[in-house]
Amino acid sequence: MSAQIADHFPELARFPLADRPSPNHDARPDGARPDMVVLHYTGMPTAEVAIDWLADPASRVSAHWVVEEDGRITRMVPEDRRAWHAGVSWWRGRERLNDVSIGIEIVNPGHEWGYRDFPEPQMQAVESLLGGILARHDIAPARVVGHSDIAPSRKYDPGERFDWYRLAAKGLALMPANRPVPGEMGLTLGEGDTGQAVTDIQRALAAIGYRIQVDGIYDLVTRSVVHAFQSRFLGLAGGICGPDTAQMIFAVEQLFARDPRAD
């Protein structure tokens, strides 16, 4: 079976490969094609439990691929089919992102079961798999997102331990070249704050792609979006917008504005 998969995906030949078809998929809408990739973590105690769940017709969820901590890669849904991985989702003005995305589940217990670092063999497998997907479907690095980016009010994956900067260094994601210098003095914003500074942060987050209302009120949704942004771009979480976070938000806004393939 591994040899058969490797025949179609030669970039994966050096990894252990398996097929575990999931029934949880259907046809993409007419005219829809994959133009983005969504990265998840499994958030379950073990890889076996997660794969069994994704293959269970009762779960009504799936992903195209699963990458285990030892680098094993399992194909579950053909890429031309719509896997059910994103749920209620939104990015840069588009919703129902299952229609146009490919989902990769990265095995990690997640915040509920003991969140931990993503091992080197797993990251190498993710990079090879992701590179092949981007090439096959002509997907831009700016169109690789985390589940928390597209559903920040209900999802935390792949989380603050996932190394997005490593992906960006290989041309597999869009990230700023430099992280902000910690400790810069400035305004700190949190839930309940209002005013122009909040409006500026919300406007920039909306321009990056997040679904957020620009009304100058630092509400629970704003906190969730800031949390998602921090998790991906700063490797931390909390939802409080200090000067380091604000600096990074405006830097990422400019980065996406300059990328003609962000949409």
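Buried, in these notes, means under 20% relative accessible area, with exposed over 50% and partly exposed in between (1.4 Å probe, protein chains only). Helices (H or I, at least four residues) and strands (E, at least two) are DSSP runs, numbered from the N terminus.

**Before starting.** I am working on a predicted model, where local features need pLDDT of at least 70 and side-chain atom pairs count only at pLDDT 80 or more, while totals for chains, interfaces and linings use all residues. Residues are numbered from 1 along each chain as its sequence is written, and side-chain values use heavy atoms, with hydrogens and water left out.

**Entry 1, the whole chain.** I counted nine helices and ten strands in the protein chain. Of its 263 residues, 52% count as buried. I looked up the span of the C-alpha trace along the principal axes and got about 60 × 40 × 35 Å. The radius of gyration (taken over C-alpha atoms) is set against a globule rule of 2.2 Å times the number of residues to the power 0.38. The chain has 18 Å, which agrees with the value near 18 Å for a compact globule of 263 residues.

**Entry 2, the sheet.** I then traced an open sheet of six strands, in the order E1-E5-E4-E9-E3-E10, with mixed pairing. E1 (17-19) and E10 (144-146) are the edge strands, each pairing on one side only. From one strand to the next, the twist averages 25 degrees; axes here are lines fitted to C-alpha atoms (for helices over the stretch in contact), and angles run from 0 to 180 degrees between N-to-C directions. Two strands pair if DSSP finds at least two bridges between them.

Which faces of E9 are covered? Both are: Ser 101, Gly 103 and Glu 105 are buried on one side, and Ile 102, Ile 104 and Ile 106 on the other.

Three bridges join E3 to E10, and the two run parallel. Val 37 stands opposite Ile 102 in E9 and opposite Val 144 in E10.

On a 1 Å grid over the protein atoms alone, a pocket is an open set of points with protein on both sides within 12 Å along at least five of seven lines, where a 1.4 Å probe fits; lining residues have an atom within 4 Å of a point. A volume is the space filled by probe spheres set on the points, which are joined across faces, edges and corners.

The largest pocket holds about 490 Å³. Among its 23 lining residues, Tyr 41, Thr 42, Glu 105, His 147 and Lys 155 lie nearest the centre. E3, H2 (47-55) and H3 (110-113) each give two or more residues to the lining, and H2 has the largest share, three residues.

The second largest pocket has about 150 Å³, and I noted Trp 90, Pro 152 and Arg 211 among the residues lining it.
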